[in-house]
Structure formats: structure tokens, C-alpha cells
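Please read the following briefing beside the sequence and the model.

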Amino acid sequence: MDGHRTGPEPARMQIYGTERAGDRDRAFIVRCVGGIVRVGLTFVPDPADATLPAGFRVTLTGIERYRRSADFFDPPHTARVTLTGPSAAALVRGSVIVEAG
């Protein structure tokens, strides 16, 4: 995937909690609240979420559902995802991010 939209509705996730943190990537429990979330997509702040800093940008590098790797998931499902990029540290419970268009 190249980070471009994959359908009519952009992928959108809400952060429920942090699972693990590394230098450049972090694992989160998230809920898909729109579109189809896929590995390889790039995410930016949802326009309605003013809690994230300017220039925020992360790439989804992994999805795990039921202890198995997955390529995608959709609403209203939850998953453990790995987000890569220095901006990932800014995500907190309740943050909403959307697929970059």
C-alpha cells in the first residue's frame, strides 16, 4: 500500500490504550470507526481532534486480531496495531486519526 485512500470513506481509528512503546513504533489497542484500516496506510489527525500536534503523521505497520496477524479490519472491530513514526508518542486514549488523503 502506498498510503493513498482505498475507498470512498477514509480509514479512521480511535485509540483505546497503549500496549508497548519502542523508539520509533508503538502498539495500541484501537477501534475502527470508519472505512477499512489496512497495513501500510499513513494516518494524520482527524480534523475534529485538536489534541494532536501539527505535523503529526504515522504509518500503520502491523495489525493483530485474536493473536493473529491481519492485513485489514473494519468498523466496529478492534485490533492491536503497530504505528511507526516519531509522532506515535503523541497518541493518547481518545485520540482519533484518519487515513491521509
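Helices (H or I, at least four residues) and strands (E, at least two) are DSSP runs, numbered from the N terminus. By that numbering, Tyr66 falls in the loop between β5 and β6 (68-70). This is a predicted model, in which local features need pLDDT of at least 70 and side-chain atom pairs count only at pLDDT 80 or more, while totals for chains, interfaces and linings use all residues. Residues are numbered from 1 along each chain as its sequence is written, and side-chain values use heavy atoms, with hydrogens and water left out.

**Strand pairing**

- Two strands are said to pair if DSSP finds at least two bridges between them; on this basis strand β1 (residues 12-21) and strand β2 (residues 25-34) pair in the antiparallel sense over eight bridges.
- The two strands β1 and β2 form a hairpin with three residues between them, and Arg12 stands opposite Gly34 in β2.
- Strand β2 is also joined by seven bridges to strand β8 (residues 78-84), the two running antiparallel, with Val30 opposite Ala79 in β8.
- Strand β4 (residues 42-45) runs antiparallel to strand β5 (residues 58-65), joined by two bridges, and Thr42 stands opposite Thr59 in β5.
- Three bridges join β4 to strand β9 (residues 96-99), again in the antiparallel sense, and here Val44 stands opposite Val98 in β9.

**Core and buried residues**

- A nonpolar core is a set of buried Ala, Val, Leu, Ile, Met, Phe, Trp, Tyr and Cys residues joined through side-chain atoms within 4.5 Å, where buried means under 20% relative accessible area, exposed over 50%, and partly exposed in between (1.4 Å probe, protein chains only).
- The largest nonpolar core has 22 residues, and those with the most contacts inside it are Met13, Val37, Phe43, Phe73, Val81, Leu83 and Ile97.
- The elements that give two or more residues to this core are β1, β2, β5 and β8.
- Val81 lies in strand β8 and counts as buried because its relative accessibility is 0%.
- With contact taken as heavy atoms within 4.5 Å, and residues up to four places away in sequence not counted, Val81 touches residues including Met13, Phe28, Val30, Leu60, Ile63 and Phe73.
- Under the same exclusion of residues up to four places away, the residues that Leu83 touches include Met13, Phe28, Leu60, Leu91 and Ile97.
- Asp46, placed in the loop between β4 and β5, counts as buried because its relative accessibility is 10%; leaving aside neighbours within four places in sequence, Asp46 is in contact with Arg12, Val96, Ile97 and Val98.

**Charges over rings**

- A charge sits over a ring if NZ of Lys or CZ of Arg is within 6 Å of the ring centre and within 35 degrees of the ring normal.
- The charged end of Arg38 sits over the ring of Phe72, 5.3 Å from its centre, and Arg93 lies over the face of Tyr16, at 5.6 Å from the ring centre.

**Backbone geometry**

- Most residues other than glycine have a negative phi, and most peptide bonds are trans.
- Tyr66, although not a glycine, has a positive phi of about 55°, and Tyr66 is exposed because its relative accessible area is 72%.
- Arg67, in the loop between β5 and β6, likewise has a positive phi, of about 65°, and counts as exposed because its relative accessibility is 79%.
- Pro75 and Pro76 are joined by a cis peptide bond with omega of about -5°, and Pro76 is found in the loop between β7 (72-73) and β8.
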